[in-house]
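I opened my notebook for a first look at this structure.

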Amino acid sequence: MSEKVIEVVESSGVVRLTISRPKALNALNSAVLTELERLLCELEQRNDLRAVLITGAGEKSFVAGADITEMKDKTPEEARAFASQALRTIKRLETLPVPVVALVNGFCLGGGCELALACDWAVASDNAVFGQPEVLLGVIPGFGGTQRLPRRVGPAMALDLVTTGRKIDAQEALRIGLVNRVMPQAELEAYADELTKQLAGNGPQAVRASKQAVHDGMEQELDSALALETALFAFCFAGEEQKEGMSAFVEKRKPNF
Ligand code: CAA
């Protein structure tokens with residue numbers, strides 16, 4: 001039987017994907033990317049989905065990068081195909097219509113950092129280690145790092161990390177805006193549970209529209225982005241969710257979304 005490289009657990013519309021290659025610190029090989037893309041193709045069709053959480057198996061590593069053993073002997077054409085597969089898969093994760101949370105427990109390096117950069121939320125354990133160490137291997141980031149990292153932390157810090165290959169700890173990752181929260185490792189799971197419950201408990205159409213407004217708006221100049229916000233704001237008033245949310249406020253009760 002082939003190795004199960006991604007575990008899927010679901011509860012109340014929240015899907016948890018666990019990349020599971022602990023012996024290789026959950027490094028991304030073709031098998032993981034193929035399975036991840038297959039799962040994401042299914043998830044992007046689901047109207048009942050509320051949030052997705054992605055993590056790595058074990059307490060040592062989120063994802064320690066692309067699989068170096070698999071990449072070592074690739075030709076330029078094979079390297080291009082591998083990067084294209086990863087870019088396509090990571091883009092699918094980024095453009096899921098619901099919030100995606102990266103739960104980073106330990107090493108988050110190279111392709112792992114690039115995966116986390118495509119998530120809406122990143123929550124890290126206090127022992128997490130981040131970096132783009134590709135130059136130490138004689139290559140550059142190939143899963144989106146040279147483009148998403150400067151957009152997240154600014155070009156100066158991105159160039160610092162990408163050209164030195166240095167590793168940073170969770171506190172520095174928090175300071176530069178690479179992650180949203182740092183938690184003691186023992187409290188990481190409880191916090192992730194609380195966060196995903198909070199995301200899943202809010203108005204689902206409003207949460208989706210929020211993500212769409214931010215993501216699509218960032219690609220546009222300000223006036224058209226603001227027009228997009230207005231259109232989505234108005235669209236919210238076309239559904240039951242706004243009626244329930246605002247009635248609940250007026251009636252001093254919790255909304256039932
Ligand atoms: N690919 C394949 N295998 C990996 C791996 C990776 N990225 N990272 C770790 N492993 C494997 C190790 O080879 C080792 O396997 P064996 O037990 O069979 O020897 C196992 O995982 C455990 O690793 P270590 O013994 O090295 O554990 P450590 O605690 O001493 O060190 C580490 C941990 C600092 C993360 C170290 O493993 C390391 O530096 N890994 C590579 C990190 C890296 O360079 N990532 C970037 C990859 S390139 C990339 O991602 C390109 C891109 O943009 C697409």
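**Ground rules**

I am working with a predicted model, where local features need pLDDT of at least 70, side-chain atom pairs count only at pLDDT 80 or more, and totals for chains, interfaces and linings use all residues. I number residues from 1 along each chain as its sequence is written, and side-chain values use heavy atoms, with hydrogens and water left out.

**Entry 1: the ligand**

Which residues are closest to the ligand? I found Lys60, Ala66, Gly111, Glu114 and Glu134 as the closest of the 22 residues that surround it. To be near, a residue must have a heavy atom within 4 Å of the molecule.

Next I looked up polar contacts, meaning pairs of N or O atoms within 3.5 Å; within protein, one must be able to donate a hydrogen and the other to accept it, and residues adjacent in sequence count only if both atoms are side-chain atoms.

- The side chain of Lys60 has an N or O atom 2.8 Å from an oxygen atom of the ligand.
- Glu134 places a polar side-chain atom 2.7 Å from a ligand oxygen atom.
- Gly142 uses its backbone: an N or O atom there is 2.9 Å from an oxygen atom of the ligand.

On its own the ligand has 980 Å² of accessible area, and the protein covers 63% of that. Accessible areas come from the Shrake-Rupley method with a 1.4 Å probe, and for residues only the protein chains shown count as cover. I also asked which elements give two or more residues to the shell around the ligand. They are α2 (68-71), β6 (107-109) and α4 (111-117). Such helices (H or I, at least four residues) and strands (E, at least two) are DSSP runs, numbered from the N terminus.

**Entry 2: salt bridges**

How many salt bridges does the structure hold? I wrote down 20, each one a side-chain nitrogen of Lys or Arg within 4 Å of a carboxyl oxygen of Asp or Glu.

I picked Glu37 and Arg92 to start with, whose side chains meet at 2.8 Å, N to O. This pair links distant parts of the chain, with Glu37 in helix α1 (residues 30-43) and Arg92 in helix α3 (residues 76-94), 55 residues apart. Buried or exposed? For that I use relative accessible area: buried is under 20%, exposed is over 50%, and partly exposed is in between (1.4 Å probe, protein chains only). Glu37 counts as buried at 12%, and Arg92 as partly exposed at 24%.

I then turned to Asp160 and Arg166, which also meet in a salt bridge at 2.8 Å, N to O. Asp160 is partly exposed at 24%, and Arg166 is partly exposed at 28%.

In the salt bridge of Glu251 with Arg253, the closest N and O atoms are 2.7 Å apart. Glu251 is partly exposed at 49%, and so is Arg253 at 36%. Salt bridges that share partners also join Glu37, Glu44, Arg88 and Arg92 into one network.

**Entry 3: cysteines**

A disulfide is a covalent bond between the sulfur atoms of two cysteines. I count one when a pair of cysteine sulfur atoms lies within 2.5 Å, and the count comes to 0 disulfides. Cys41 is in none, and the nearest cysteine sulfur, that of Cys119, is 16 Å away. Cys41 is partly exposed, with a relative accessible area of 28%.

Cys108 is buried, at 0%.

**Entry 4: backbone and loops**

Asn26 is not a glycine, yet its phi is positive, near 65°. I located Asn26 in the loop between β2 (14-19) and α1, buried at 1%. Ala27 lies in the loop between β2 and α1 too and is buried at 6%. From Ala27 to Gly110 I noted 83 residues in sequence and 9.5 Å in space, C-alpha to C-alpha.

Lys252 also has a positive phi, about 55°, without being a glycine. Lys252 sits in the segment after α11 (240-250) and is exposed, at 76%.
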